[in-house]
Amino acid sequence: MSVDVPRSIVLVRHAKADWPDVADHERPLADRGRKDAPAIGEWLAAHGIAPGLTLCSTAVRTRETWRLAAHHLPQRPKTVYEERLYEASPGEIIAVLNDVSEDVTDLLVIGHNPGIQGVAEVLTADSDGDALERMTRNGFPTSTVAVLRFDGSWKSVEPGVATLTDYWEPHEPPE
């Protein structure tokens, strides 16, 4: 496959998690998270976003988010539970992206803040419409989705390579 093909990275922050007395990695979704996670899948399906691969943090809350969201997609993509995404910095997430097979054109990544927001900001050089302004203003609350596009190989993913084409959060404040 040519390395100059258009590619997309869909970055998803897990849905709202609960705070029971368990290790952070084992925190489940809160009631609101269980309501918001399906909306992620509905939004992806409504926007024709069909990733060929999903990389999901191994944390309970990210796995639950993906299970509830994926149920709403027309076809569930291959999913890899990636330990390196748990508590990953933007640089660590970029390292994970650099390892993606060149056969994948559309990738979905489910992780945690501050890494997911940070990598969205670091990779974005340009934006369609007001997506960047909304992301800058609102941050990256739980259940937020950012869609980035770039041309090139996964090994070429580096700061400033992408265009932020869409930004969505289920509870976005009115304008």
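For these notes I call a residue buried when its relative accessible area is under 20%, exposed when it is over 50%, and partly exposed in between (1.4 Å probe, protein chains only). I am working from a predicted model, where local features need pLDDT of at least 70, side-chain atom pairs count only at pLDDT 80 or more, and totals for chains, interfaces and linings use all residues. Residues are numbered from 1 along each chain as its sequence is written, and side-chain values use heavy atoms, with hydrogens and water left out.

**Entry: ring pairs**

I paired rings of Phe, Tyr and Trp (its six-membered ring) if their centres lie within 6.5 Å, calling planes under 30 degrees apart stacked, over 60 edge-to-face and the rest tilted. This rule gave me three aromatic pairs.

One of them joins tryptophan 43 and tryptophan 168, which are stacked at 5.6 Å centre to centre with 20 degrees between the planes. I placed tryptophan 43 in helix α1 (residues 31-46) and tryptophan 168 in strand β7 (residues 162-168), so the pair links distant parts of the chain, 125 residues apart. Helices (H or I, at least four residues) and strands (E, at least two) are DSSP runs here, numbered from the N terminus. Tryptophan 43 counts as buried because its relative accessibility is 9%; tryptophan 168, at 16%, is buried too.

Next I looked at phenylalanine 140 and tyrosine 167, an edge-to-face pair at 6.3 Å centre to centre and 80 degrees between the planes. Phenylalanine 140 lies in the loop between α5 (131-138) and β6 (145-151), 27 residues from tyrosine 167 in strand β7. I found phenylalanine 140 buried, with a relative accessible area of 2%, and tyrosine 167 is buried with 2%.
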